[in-house]
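Here are a few notes from my read-through, to go with the view below. I've kept to the metal site and the charged pairs.

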Amino acid sequence: MRVQTLDLTNFRNYRRLRLRLPAGRLVLIGGNGQGKTNLVDAIHILASGRSLRPGPEAAWVRFDAPASEGFARMRAELAGTEGPAEVEMIVARARPEAGEASGVRRRVRIGGAPRRLADLPGRLLAIGFAPADLGVWTGPPAGRRRWLDLAVAQLDRAYTAALETYEAVLTRRNALLRRLQGGVGRPSELGFWDEKLTEPALAITAARADYLARAQAPLRAGFQAMQGGARFDLDYCPAAAQPTAAALLAALRQRRDRDVQRGASGLGPHRDDLAPLIDGRPLAHVGSRGQLRMAALALKLGQYQLALEALGERAVLLLDDVAAELDAQRRRLLIDQLPPQAQTIVTAADASLLDDSALAAAPRFHVADGRIEPADA
Amino acid sequence: MADPLPRAVTRLIDELARLPTIGPKTAQRLAFFLLRASSSQAQTLGRAVASLHDGIVTCGQCRNYADAEPCTICADGERNAALLCVVEDPLDLAAIENSGGFAGRYHVLHGAISPLEGIGPDDLTIDLLLERVARGAVGEVIVATNATIEGDATAMEIGQRLRGQPVRVTRLARGLATGGDIEYVDAATIAQALEGRREL
Ligand SMILES: [Zn+2]
């Protein structure tokens, strides 16, 4: 799979951009705030519906876009084993003066036809490597679930819809729990929301377990490549391991009082975690900081390999400023492990970091103030 | 800085802009339309707005807004009193009524169960619905809440509260797209949804 052209309108600092991308490797060089990260982020959003960076979606729209153009458009033409394809997202700022709730409205087109947001992931296959990812094993579980959700959604077209349903029900259940915590309403009102929660909860837990079972071997190979020697396992720690709807419903009912006391739901896949093991021991206890960071990169390499095996498709690799975060030896190790046939877009503020690597010969572009030009020109 | 517009115009623009779906630009356009229109056209609109609340009652049976108590639908002896269609709000009632596919009576809940908006079952007219059913004339309650999570929650609550009563409880068929608001659905789809209703 590769991105052939990328069209951006009013996306972050890009007023208008139409870019043809080479099939192989590409290095984008530019200072902070010039737009190199924004470019790979646009591809990441078209791949997953989510940005590489935290922050509100309203920030996707160019901040000084006139009110009449309060929207951003991202569009990519793709070439894959199943032929050409096209994905597009339009993000419009809500207009509170027109009675719209705050935030944004997002619309998705696939092959020119309007589709649901949940239908987007998995069309453009891409894997992002961002500096924040390196801390995935030392940070909170949310970061690990985020990786898992993006990875599962690439292979499982129904997964994102299940996540959306789950989150919609969970938000309402939590709102009701806060009401009950404040003494308003009856606990029996939870019955409907408990029941609604179980179906997507079971689907999400099963999809995550299935993905991780299939991913063990590719993840182990990825870790071996980055770190050598030790045996790597990734354990799934589901918060709700109940195998049936009836069992999960009973468990939700059992902890109802505690949930009301906390004013939040304590049971369900929104509390899942992953535990990496090295030779059977928790990586978090025995690993050095460097090992933890290499194990973070192993996740992405394993994800790439599993997608290739399952779909016969090579994901586009997006390396955003990662080189600067690694010492020279680990930087070379990572670059050497990048599959040479994959379309790979690398951003760097300092291109000399890549000079002694396999990326030295890749075409380079300069990014400045939302404009992109070949470095040789 | 002096306001470049007469005070009466600014006042009208400010009031119009407070209405839902109307932004400042639209408010300006509407105000100038009325200014350029004949004075009688503006006065007709003004009278309609001024008398909106006069003489409007809430029907004691169905809880719809009406000119008189009971409303024309509840007062109409030709309609089938055994069929009771439960809707979230008066606009949904109007959409079903305009579809021409329903000859029974209605019950307006004035909302749906919505934890996000702080609306619980007790904030709706469910108790009044139960009283109507208990009076015995109703044979079937058709729950026509919207095809949203909130509409589903409301339908389930009604189904549970009516359990054990000698009455059939049905829900509109899922011809309505999920997330669909009945108010915006065309007549043919409403007729199909009524036709294909199922036991709740
Ligand atoms: Zn009435």
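**Zinc site and salt bridges**

1. The zinc ion sits in a tetrahedral site, with angles of 105 to 115° among its 4 donor atoms. Bear in mind that this is a predicted model. The donors are the SG atoms of Cys59(B), Cys62(B), Cys71(B) and Cys74(B), at 2.2 to 2.4 Å. Along the sequence, the donor residues follow the spacing C-x2-C-x8-C-x2-C.

2. How accessible are these cysteines? Cys59(B) is buried, at 0% relative accessibility, and Cys62(B) is buried too, at 2%.

3. Now the charged pairs: over all chains there are 36 salt bridges. One of them pairs Glu97(B) with Arg79(B), at 2.8 Å from N to O. Glu97(B) belongs to helix α5 and Arg79(B) to the loop between α4 and β3, so this contact ties together parts 18 residues apart in sequence. Arg79(B) is buried at 14%, while Glu97(B) is partly exposed at 25%.

4. Asp127(B) and Arg161(B) also form a salt bridge, with their closest N and O atoms 2.6 Å apart. Here the link is between helices α6 and α7 of chain B, so parts 34 residues apart in sequence are tied together. Both ends are partly exposed: Asp127(B) at 45% and Arg161(B) at 26%.

5. Glu140(B) is buried at 7%, whereas Arg168(B) is partly exposed at 37%.

Note on methods:
Residues are numbered from 1 along each chain as its sequence is written. Chains are lettered from A and ligands numbered from 1 in the order in which they are written. This is a predicted model: local features need pLDDT of at least 70, side-chain atom pairs count only at pLDDT 80 or more; totals for chains, interfaces and linings use all residues. Side-chain values use heavy atoms; hydrogens and water are left out. Donors are N, O and S atoms within 2.8 Å of the metal (3.2 Å for Na, K and Ca); water is not among the atoms, so sites may look incomplete. Four donors count as tetrahedral if all angles lie between 85 and 135 degrees; four count as square planar and six as octahedral if opposite donors are over 155 degrees apart and all others between 65 and 115; anything else is irregular. Buried means under 20% relative accessible area, exposed over 50%, partly exposed in between (1.4 Å probe, protein chains only). A salt bridge is a side-chain nitrogen of Lys or Arg within 4 Å of a carboxyl oxygen of Asp or Glu. Helices (H or I, at least four residues) and strands (E, at least two) are DSSP runs, numbered from the N terminus.
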